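Subject: Structure handover

Hello,

Here is the structure you are taking over. Please open it next to this message and read the two together.

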Amino acid sequence: MANPTKVQAVAELTQHFEQAKATVLTEYRGLTVSEISQLRRNLGQETTYAVVKNTLTKIAAKQAGIDDSLSDMLLGPSAIAFIKGDPVEAAKGLRNFSKDHPALVIKGGVLDGKSLSATEISKLADLESREVLLAKLAGAMNASMSQAAALFQAPLSQMARLAGALQAQASEDPSLLASGAETSAPQGQAQPEAASEPETPSEAPAEEKSE
């Protein structure tokens, strides 16, 4: 009979994979409990940073239909950032934290169902936020409201491709980005309130043996 605790853990991980817009796999060996708690606070309420068991995570990833390449990276002490908010902002948060805490190693991840290498996640962190990209794209294209609304629904991977095309076009005509940057958000759109600091998670061992 299957261990009920492990069955529940797999079910929870599968749900995290299915609900996340993106996931980033890290190795946390050497981080203290306090540093892991600080990272969780830095990432905010829309990202769940969880220390995971490799064996159970591989099962959950398979059940969620995640690319096998993520399973190949599940080696050593593993923790995953399940991102429900803006993947660019989360990638920036992880990269910036890893600069100050080299023990946090970004190994790879998944975005829009496609696997990402550590280098690609670093490039993702270099992008501007979704709102800034949309403003520039809308300004450069002189987009109507309906076009702008369609852009808001585009997957982030498509946004990255659009941003690359815009950058190439702007290299020939720099005024495009200038005009786009001045484009204000649509009237009536409420500005997001600052996220409140999540409760400090219960302390867990800073290092956990993988299965």
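Below are the findings, starting with the whole protein and then going through the sheet and the helices.

This is a predicted model, in which local features need pLDDT of at least 70 and side-chain atom pairs count only at pLDDT 80 or more, while totals for chains, interfaces and linings use all residues. Residues are numbered from 1 along each chain as its sequence is written, and side-chain values use heavy atoms, with hydrogens and water left out.

Overall

The protein has 10 helices and five strands. Helices (H or I, at least four residues) and strands (E, at least two) are DSSP runs, numbered from the N terminus. Of the 211 residues, 39% count as buried. Buried means under 20% relative accessible area, exposed means over 50%, and partly exposed is in between (1.4 Å probe, protein chains only). Among contacts between residues at least 6 apart in sequence, 81% join residues at least 24 apart; contact means heavy atoms within 4.5 Å.

The sheet

The five strands form an open sheet in the order β2-β3-β1-β4-β5, with antiparallel pairing. Two strands pair if DSSP finds at least two bridges between them. At the edges are β2 (47–52) and β5 (114–117), each of which pairs on one side only. From one strand to the next, the twist averages 20°. Axes here are lines fitted to C-alpha atoms, for helices over the stretch in contact, and angles run from 0 to 180 degrees between N-to-C directions.

Going along the sheet, β2 is joined to β3 (residues 78–83) by six bridges, and the two run antiparallel. Thr23 has Val110 as its bridge partner in β4.

How enclosed is strand β4? Six of the seven residues of β4 (residues 105–111) are buried, so this strand is largely enclosed by the rest of the structure. β4 also pairs with β5, again antiparallel, over four bridges. Across that pairing, Gly108 stands opposite Ser117, and Gly109 has Leu116 as its bridge partner in β5. The two strands form a hairpin with two residues between them, and Asp112 in the turn has a positive phi of about 50°.

Thr23 itself lies in strand β1. Is Thr23 buried or exposed? Thr23 has a relative accessible area of 5%, so it counts as buried. Leaving out residues up to four places away in sequence, Thr23 touches Phe17, Leu70, Ile80, Ala81, Phe82, Gly108, Gly109 and Val110.

The helices

Helix α1 (residues 4–19) lies across β1 (22–27), β2 and β3, and runs at about 45° to β3.

Helix α3 (residues 54–63) has a buried side. The residues Asn54, Leu56, Thr57, Ala60 and Ala61 of α3 are buried. They are on the same side of α3 because they cover an arc of only 155° around the axis, the arc being that of the directions from the helix axis to the C-beta atoms. An α-helix has 3.6 residues a turn, so residues three or four places apart point the same way. The buried residues of α3 pack against α1, β2, α4 (68–72) and β3. On the face turned away from the buried side, α3 carries the exposed residues Lys62 and Gln63. Just after α3, Gly65 takes a positive phi of about 75°.

Helix α2 (residues 33–43) packs against helix α5 (residues 87–100) at an angle of about 150°, with the axes 9 Å apart. That makes α2 roughly antiparallel to α5; angles under 35 degrees count as roughly parallel, over 145 as roughly antiparallel, 65 to 115 as roughly perpendicular and the rest as oblique. In this contact, Glu35, Gln38, Leu39, Asn42 and Leu43 of α2 meet Ala90, Gly93, Leu94 and Phe97 of α5.

Ser122 and Leu94 are 28 residues apart in sequence and 9.4 Å apart in space, C-alpha to C-alpha. Ser122 is found in helix α6 (residues 118–126), and at 31% relative accessibility it counts as partly exposed.

Regards
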